[in-house]
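Hi,

Here is the structure for you to look over. My notes follow below it.

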Amino acid sequence: MENKKRPRKRKVKNISNTVLNKSDGAHVQQLLDEGFVYGRSLPLSRIKRLIRNHALDLNQLNNGNTVMQLNGFIDTIIDFIKNVPTSRLNDSILKDERYSKFFKCGFQSYWSDYNYGAVDKVLKTGSAAIGYVNHESPTIDLSIELPSSIFNPKDYINYRYLNKRNAWLCKLYDDMQSLLCADDFRKQFGENITSSLDYDNYKVKIHLIFSVNNIRFLIRIGAHIPSNTFKISPLEINRNNVRIPTTTLVDINESEQSNTLWPTPTYNSSISEDLQRDAIESRITETNHKYRRMKDAFTLLSVWATKQGVSHVTNLPYLLNAMNTDSGNNHRLDMEINSGLTDTFWLLLLVHVIEINKYPCDVESFPLFLACLKFLASMDTKKHIYILGSKKTEIMSNEATVPGNTEFVTENHDIFIPQFYTDRDKSHNICHQTVFVLQELIDKARISVGATDYMSSPFLYGQLFEISCDIKCHYDIIFYIPECPKVKSKLWELRVHEYTAWNLKHVLEYGLKDRLRYIHFRYTHEGALLVMVSFDENIQRSTDVGPLTSSPECTYFRNFWGTLVETRSFDDGSISECLLWDKVIQGEPPCRNSAVSLQICSGINVNLRIIQLLLKLHFTDLSIVDINGDTKKRKFDGNSHNRQTIYVHSPMVEVNPRLLNSYRSSLMNLFNDLNGILRSLRNVPLSVCNVYTCSPEFAYIDFGPSDLRHRVLIELESSNKWPNEPKAIAGVKVALAIAILKELNKKHGIKSNITVDGEMEIEFHKVKLSMKMLCQCEYLPIVKSIRDFDPDTDTPPTEDELSVVRDYFRSLHLERCKVVALKCPSYSASVRLSKAFAADCLLPNNEFLCEMSNCFIFGSNDFMLSQATSGWTGFYRFLYLVAHYDWITQPMVIRDEKFNYDSLILNKRQWMSFFWVSTPEDPYCLASRMPTALMAKRFILQCSNFLKSKEIYSMKLLSYFNVDRAGYNFVITLDNIYRKLKFSDGAKNIKVTFDEAQYLLNVVLDELRDNFGGLLEIAYNELHFNGFHSDLKHLQIYVKINPLACIPSEVNTASYPLAEISHNNVKSYVPDIQAVLERIKEITYGLIVDVKFI
């Protein structure tokens, strides 16, 4: 048989111009107008606008006077560096008090004098090498090439090179002061020029701050050396070049040190970085000249890294200031975070991606950006060694690890140094400053790449480039160590805070195991350490089973946990070491008499308690200060003045994340039994076909045990004999209800009664239930009209129609909440915290908003890139969502399975709710009770202020909410009838139930709304009025007078009392506030205690 050749595929030219997304329904003219479309929210015009807003091109003069002045300033500085006077530098500079902290002097031989003077070459490095700076944090890096003649062949040993390098820059800093103070210089460039010395990663840099047109530029001046100054082989990752302990570490015997000689990979890389500086910048510049969009892709990467929190930590100054002020600490809390991800790192990453993919020169910026993310997501730094520009990777050997402290670390638990070399000779490792941050970067790149699988999502642009990474939205507990303790083991050369970070990482990972989702680190330039921990509350077990008693790990496990370990045998015959957390952790009951609802949410959180135990067990050399409540209750360890301090910022409320408890379990078992009984009834005219629940307990989102009746809906089978008139339907429903109740009493002994509205009240297994009957011919037409509602042709349903189906829609919403809670158990805690916060903010009708907003956060991929993994992070995301969502122009769409993005272009009508939450069954949010527009806008401001407030870190909750109530005009104080359900009316005693008490309060609120709807806006704590704070003495209603209603009007048809004003024979009317107060007292008669103006 003749072999036929497979037809050759035609090569696709200009692949950069291909559309990456099949945007469904995109109009052709829109594509032509906006350029290429990489996704529904990612047209090329929008990406270019983002680049223009974040980047300043130093090579073009069309940016006006700013670039010209900046370039002139830089040229003047470079010219001065190339012409400094010559002098001889000796070791006296090491003893200068101003600079002594920049040198390592704990050696036998560390210095030789050399000539300081003019240099021939000053490079622009990093982003300045390609002519770009970031608008938000404009930084320009310069590097001086020091002459190789001033160094000896082995000056790379024991910090000798670094001491000489730093001494050169310190001398230059001294000389530069004469230039900065010169009159001609200040006349040309202004008076607001400041200079300072920065010290990080063993190296000194000169910082100059220069302001032009309200833009503060930071010019950083460093130094490098020619590539032939030292040999490359002694600087390989497995070589040791620090052979005598430095002053930053605890002293150890020199003989003991010389026998060990651990590798010094990061020290070696800090020198090889300077050796390879010229070659690195040449490679970056050459690639940038060839690929014109490389600088744009770099801008996208820097914006993405900033928004994802990899290179910047939002709200960190608030957190550190709270810790500093509230704890009485006098340490300087440095705000500048060092992630180790420099501009050079990002540019080399772009060079690598371009070279291995062999992109055409006209490739666009977004495909380059996306390719970089995909490469990061594919990296495995624990197994592979990467070479710049090569697709092939090497398998990492054991030499890539650095031994840790045996006090905490097992034999196989070593520190992995990520390796990404600039060439096959392994001259320089570009990841030497990212020992811990690189893995976080890889994790976030994987999440971002996963989000780009849905390029049609209209939220993708915001997820990648707009939503900032607030630490409270991603991390549950934060540690801050201003001064890390000195190392108490054999020398290895990582910095002290890196060593402390590794100990913390090992202890938390081994202690929490799968309970730990993330642990991320940041360092400050002053050597402080910030640790951010995220839990995975999907893990809710109360017992951790450890190793078998016969296993080698058993001894280490017992030493790690101490007396907390217990030995248990199992059904399969195995005997293991176990941790019984219910026995170890003793909890406290929630504070039910607190006026703040957030504090009533408190419970026992096992993950949080485990971390507290781990700190006490393994970090005895640190004094633990727990910033988790009122300053009077702060926990300070004894003898703390002799130890370094670790500040622990716990969640502001400790919440139990478990879905099932005895209360919910009993209710669900009861409902299953009742469901079976109702469906099995036979001697009734129409049998029960469906039973729905309307109580939040069945969706795991209740606020706590309630004494109110639990609502149940009963749907009867269809019949063509139902009447058409509403009154006739109501009569038939009452008759059917009587028949059902008789059958229940006869067969099951369930006592019951029926209300005037036809609702059935029963007591089943000592639990009170209220059952409402659904008639298909009555509610299904209304449900269909709401689901298919068209605002252009249909009129909204009346309040009477909505009252028929409101409970039905409530049951559908609760079913959705239950599904989300079972998938993401932390959803339950987040909803409870959200409801408590909304109640404390006096937002009425907040239930649906809190539940569906959290469904949007936990049940979809349309908000932040990473999923919320705990109740605390979900709660803060709820605050962020409410504060930042575009409620005015588009709805928040809650999807079940397939999302219809067309619903985002629905037009909002004036009569619609301000918080427009669109669900599949109710697209226009008609059936659910929602806050008024005034209360909604106030709540948005409260969420925004609470996120920005320092009190979110210092836990002054009571003061925050008390101050926030000052925006109201007066407050109505009522007696809390939940406290005393027995009343005396002189002649007889009256006893009311919890439901009757709630009914009375609801009547009061409805009367106030009906009588003063246009004049007064009322606000109250819903949880107070639902009886969750039964120990409170009084209930309060806060009232805001509408100023527009106080404008004189010639119309006197208002529902509230008016006062007549006559002027020039013209009568007008204004609200009569005195009469309004009198009517309020009439409405609240028997309950009112006081009316007080604020």
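Which residue's side chain meets that of Asp174 in a salt bridge? The partner is Arg98, at 3.1 Å, N to O. A salt bridge here is a side-chain nitrogen of Lys or Arg within 4 Å of a carboxyl oxygen of Asp or Glu. Asp174 sits in helix α4 (residues 160-180) and Arg98 in the loop between β2 (87-89) and β3 (114-116), so the pair ties together parts 76 residues apart in sequence. Helices (H or I, at least four residues) and strands (E, at least two) are DSSP runs, numbered from the N terminus.

Some ground rules. This is a predicted model: local features need pLDDT of at least 70, side-chain atom pairs count only at pLDDT 80 or more, and totals for chains, interfaces and linings use all residues. Residues are numbered from 1 along each chain as its sequence is written, and side-chain values use heavy atoms, leaving out hydrogens and water.

Back to the salt bridges. The count comes to 49. Asp274 pairs with Lys203, closest N and O atoms 3.0 Å apart. Asp274 is in helix α7 (residues 265-275) and Lys203 in strand β8 (residues 203-212), 71 residues apart. Asp274 is buried, at 2% relative accessible area. Lys203 is buried too, at 7%.

Last, helix α32 (residues 1073-1083). Val1076, Leu1077, Ile1080 and Ile1083 are buried there. Seen down the axis, the buried residues of α32 fall within an arc of 120 degrees, so they line one face. The arc uses directions from the helix axis to the C-beta atoms. Gln1074 and Glu1082, on the other side, are exposed.

Best wishes

Conventions. Buried < 20%, exposed > 50% of the residue type's maximum accessible area, 1.4 Å probe, protein only.
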